[in-house]
Amino acid sequence: GLAAGYGAQVAELDFGRVDIAREINTWVLDATEEKIEQIIDDVPQEAILVLANAVYFDGDWAEPFQAESTEQATFGRPDSTSVEVDMMFTRRDVAYEETETYQAAKLSYAGERTAFYILLPRRGVDAGDVVRGLMDGEFGRLREALATAEATEIVVGLPKLDIQARLELSDVLVDLGMPLAFDPGAAEFDEISATAPVWIGNLSHTSAITVDELGTEAAGATVVVMDTGSAPEGRPPELICDREFVFALVDELSGVPLFVGKVADPTQ
């Protein structure tokens, strides 16, 4: 079942004698092709179970960016400072959509099974609001619009990315409505242990993604313990990610986003 379908593994280790954190980090390093070196710092002595999962994606663009078109450009951070980045430029026909709040385009990977969605908020629109809109159903509408849209010639400017982020998700999940699982006095995990109280002590997630002219390499691991409006006639629309933007790496068959990110600084 789980082993055949998802590559799940079960290991019984002596938490008192084995460096559990090292074992988990080594497993994650291998599972993500060395994209993620460390997911957990240590495991508390009172821990009885650690669950870890990892996902790895490596895709080539269906139409690569030309390296000679990459040039230095200024990227504006949300705090009004700026940073110089390597900006990949291309002029091509893609699925393109624009609304009052953002511009969006879809870049396909070889095989067409997966795609990279770019959402660039209009100047003055908060990227966080765009993300919240996606969570409220806007992403489904956008996917449908881009799936049926005729290819439009646009100019795309996309920064090269090599970023990693680590998030502690315990407080996030509590705020989302599942506080009992983290409460020693209220958690109900009787199927794990009927003789001692069990609760989730910590849950953290690390993601890493590299985007360059050839394609995208992304990995994720979780452990439980230039403004444009209407383009002048004769010129294609421009979608230049020279400020905070949102991306989603999507499995086109199921419509499931494999990775979603908000880029405030491509150098971080």
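Author: A residue is called buried when its relative accessible area is under 20%, exposed when it is over 50%, and partly exposed in between. The model discussed here is predicted.

Reader: Why is Ile200 called buried?

Author: Ile200 has a relative accessibility of 16%. The cut-off for buried is under 20%, so Ile200 counts as buried. Ile200 sits in the loop between α4 (170–176) and β8 (203–211).

Reader: What share of the residues in the protein is buried?

Author: Of the 268 residues, 42% are buried. The protein has 4 helices and 12 strands, and its C-alpha atoms fill a box of roughly 75 × 40 × 35 Å along the principal axes.

Reader: Why does Glu34 count as exposed?

Author: Glu34 has 60% relative accessibility, and exposed means over 50%, so the word applies to Glu34. Glu34 lies in the loop between α2 (20–31) and β1.

Reader: What makes the phi of Glu34 worth a remark?

Author: Most residues other than glycine have a negative phi. Glu34 is not a glycine, yet its phi is positive, about 65°. Glu112 also has a positive phi, near 65°, and is a residue other than glycine.

Reader: Is Glu112 called buried, partly exposed or exposed, and why?

Author: The relative accessible area of Glu112 is 49%. Exposed requires over 50% and buried under 20%, so Glu112 is partly exposed. Glu112 is located in the loop between β4 (102–108) and β5 (114–121).

Reader: Which residues does Glu252 touch, leaving aside its neighbours within four places in sequence?

Author: Glu252 is in contact with Lys106, Glu112, Arg113, Thr114, Ala115, Tyr117 and Arg143. Glu252 itself is in the loop between β11 (245–251) and β12 (256–263).

Reader: What makes the pairing of the Glu252 and Tyr117 side chains a polar contact?

Author: The two side chains are 2.8 Å apart at this contact. A polar contact needs N or O atoms within 3.5 Å, one able to donate a hydrogen and the other to accept it. The distance of 2.8 Å is inside that limit, so the pair qualifies.

Reader: Which residues make the nonpolar surface patch?

Author: Ile48, Leu49, Leu51 and Ile192 make the patch, which covers about 380 Å². Leu51 belongs to strand β1 (residues 51–60). The protein as a whole exposes about 15200 Å², of which carbon and sulfur atoms supply 49%.

Key: Residues are numbered from 1 along each chain as its sequence is written. This is a predicted model: local features need pLDDT of at least 70, side-chain atom pairs count only at pLDDT 80 or more; totals for chains, interfaces and linings use all residues. Side-chain values use heavy atoms; hydrogens and water are left out. Patches are made of residues with over 30% relative accessible area and no salt bridge: like charges are joined within 9 Å, nonpolar side chains (Val, Leu, Ile, Met, Phe, Trp, Tyr) within 5 Å. Accessible areas come from the Shrake-Rupley method with a 1.4 Å probe; for residues, only the protein chains shown count as cover. A salt bridge is a side-chain nitrogen of Lys or Arg within 4 Å of a carboxyl oxygen of Asp or Glu. Helices (H or I, at least four residues) and strands (E, at least two) are DSSP runs, numbered from the N terminus. Buried means under 20% relative accessible area, exposed over 50%, partly exposed in between (1.4 Å probe, protein chains only). Contact means heavy atoms within 4.5 Å.
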